[in-house]
Amino acid sequence: MSETPENLSTDVLIVGGGIIGLCTAYYLQQQGVSVMVVDQGAMGEGSSFANAGLVAPSHFIPLASPGVIRKGLRWMLNPESPFYIKPRLDVDLFSWLWKFRHYATSAYVNRHKKPLKEFLEYSYQLFEALHQSNAFDFEWTPHGLLMVYLTEGGRRDLEYLHQQAGELEVPAEWVSAERLPKFLGHISTTARGGLFFPGDAHLDPGKFVKGMADFLSRKGVRLLEHTAVRDFRVQGNRVEAVVVNDVEIRASRVVVTAGSWTAALVARLGIRLPLQPAKGYSITFPWEKPRFTVPLILTETKIAVTPFRQQLRFAGTLELAGLQLNINSRRVRAIRKGVQRYLPDIGASETSRGTIWAGLRPCTPDGLPVVGRVPNFSNLWLATGHAMIGISLATGTGKAIADDILGKTPEIDLQPFRVDRFQPRLCISLRMTRIKTNKPR
Ligand SMILES: Cc1cc2nc3c(=O)[nH]c(=O)nc-3n(C[C@H](O)[C@H](O)[C@H](O)COP(=O)(O)OP(=O)(O)OC[C@H]3O[C@@H](n4cnc5c(N)ncnc54)[C@H](O)[C@@H]3O)c2cc1C
């Protein structure tokens, strides 16, 4: 799968082989473009690997919303809560939180839920088409998503979501406690009911990224693994090349899809992107015979329970602790306990069981992704900031970026997701000088 970075040049160079970069490569390759993807590690082993795998048009409320602020203040210093901020002095974090507070208003949510919903539905249709194409198997399971609740507070949260879904014509139906066995079979639950979204689906994210990387490689897309981009060479308003180790890769167009690492990387181009990595964990168990096929969201704890063909996964927690992937055992324990509260017989509390994984969701302060060309640069695009919905939005993002690069009008409106929406004038300053060295500054 991998190449060595000697004498390399390409038409489009994609920095970051997560689901966003790989999907962008796919839609470019499908339109006959010569593409190369470069990743500092192995393809698909960042945040895109062992997450919950939900492809969820039901997630149309941006992360920055008034409800999150209300609960977040209560949760944020408790290491076992769904949302946690590691106390530390970090100017970027404070500035991000300040902006988050500014965006988390009903007015902002009302303005953006429709574009987000349209983006999610567009992406869903592209997943469906990809599945139909039989390019590779990724366990596409369009069986819906059930959000269950235990408490009155949880029910109220779902009532709000139901009402919003109604306004946007997203199908959603109430499930009484008596009807829960229809979804859960013989698995016992303490949940008092739920809200079912029949238009959602799930896939195995690890299978998706690995299957996509193999598919692209067979189609002639060059994939460079264990090759970190350290810098860029700029001429005028163009990125001429990226610098890896001690060589350059020249490219006509460059797309940066480096997930949570994007902000540090594009800072080298003078672009200030407010992005915080939000760590989440998953615990995956072997599960020989799936006993239910509809994934769950446990409303009060924000944990997802996803049944794959041979595995069951619990995923959750959002921890603002910087760009590091160490496992915080208290947070993993909180996930086990959280599942145990709803599904007491499923074995979640057996601490020796399950493979633990951590990933970093790239989060913008307004809860929307950043997708589009960077103003002031004629050949540079960014696609990141997908937070908790990067799997759901991956195909839509990849297709929209590919179309934009090829001079076609993207099929969704990218205006709400544009790169310069945070302080447009202050944020981006073009670095006109030619970079002569690849040494980190
Ligand atoms: C616990 C958890 C559960 C989640 N569940 C869901 C879900 O159910 N549904 C959903 O839609 N989303 C979910 N998400 C969010 C989703 O995983 C992310 O939004 C998505 O994976 C982001 O994809 P990406 O390609 O932008 O980033 P990544 O997958 O992190 O890829 C970025 C890549 O860039 C590479 N890179 C970085 N810097 C450089 C460099 N300098 N040079 C070369 N390469 C570089 C990295 O190695 C990495 O491979 C979840 C996330 C977590 C953590």
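Predicted model: local features only at pLDDT ≥ 70, side-chain atom pairs only at ≥ 80, totals over all residues.
1. Leaving aside neighbours within four places in sequence, valine 242 is in contact with Leu13, Val15, Val229, Phe232, Glu248, Ile249, Ala251 and Val254.

2. Valine 242 also belongs to the largest nonpolar core, which holds 134 residues. Together with Leu13, Leu22 and Val339, Val242 touches the most other members of that core. Helix H1 supplies the largest share of the core, namely eight residues.

3. Helix H1 packs against helix H7 (residues 205-218) at an angle of about 35°, and the two axes lie 10 Å apart. The crossing of H1 and H7 is left-handed. On the H1 side the contact involves Ile19, Leu22, Ala25, Tyr26 and Gln29; on the H7 side it involves Pro205, Phe208, Val209, Met212, Ala213 and Leu216. By class, the residues of this contact comprise 10 nonpolar, one polar and no charged.

4. The ligand is surrounded by 42 residues, the closest being Gly18, Gly46, Gly259, Gly280 and Gly390. Helix H1 (19-30), strand S13 (276-286) and strand S17 (355-363) are the elements that give two or more residues to this shell. The shell is made up of 19 nonpolar, 20 polar and three charged residues.

5. Threonine 189 lies in the loop between helix H6 (180-184) and strand S7 (193-197). Threonine 189 counts as buried because 21 C-beta neighbours fall inside 10 Å, the cut-off for a buried residue being 20 or more. Not counting residues up to four places away in sequence, threonine 189 touches Leu180, Leu184, Tyr342 and Leu343. Arginine 313 is 124 residues from threonine 189 in sequence, and their C-alpha atoms are 17 Å apart in space.

6. Most residues other than glycine have a negative phi. Asparagine 134, however, has a positive phi, near 60°, and alanine 387 has a positive phi near 50°.

7. Asparagine 134 is in the loop between helix H4 (106-132) and strand S5 (145-149). Asparagine 134 counts as exposed because it has 7 C-beta neighbours inside 10 Å, and a residue with 12 or fewer is classed as exposed. Alanine 387 is in the loop between strand S19 (380-384) and helix H10 (394-405). Alanine 387 is buried, since 23 other C-beta atoms lie within 10 Å.

How values were computed
Residues numbered from 1 in each chain as written. Near = placed C-beta within 6 Å. Helix = DSSP H or I, 4+ residues; strand = E, 2+ residues; numbered from the N terminus. Nonpolar A, V, L, I, M, F, W, Y, C, P; charged D, E, K, R; others polar. Contact = placed C-beta atoms within 7 Å. Axes fitted to C-alpha atoms, helices over the stretch in contact; angles between N-to-C directions. Left-handed = near helix turned anticlockwise from the far one by under 90°. Core = buried A, V, L, I, M, F, W, Y, C linked by C-beta atoms within 7 Å.
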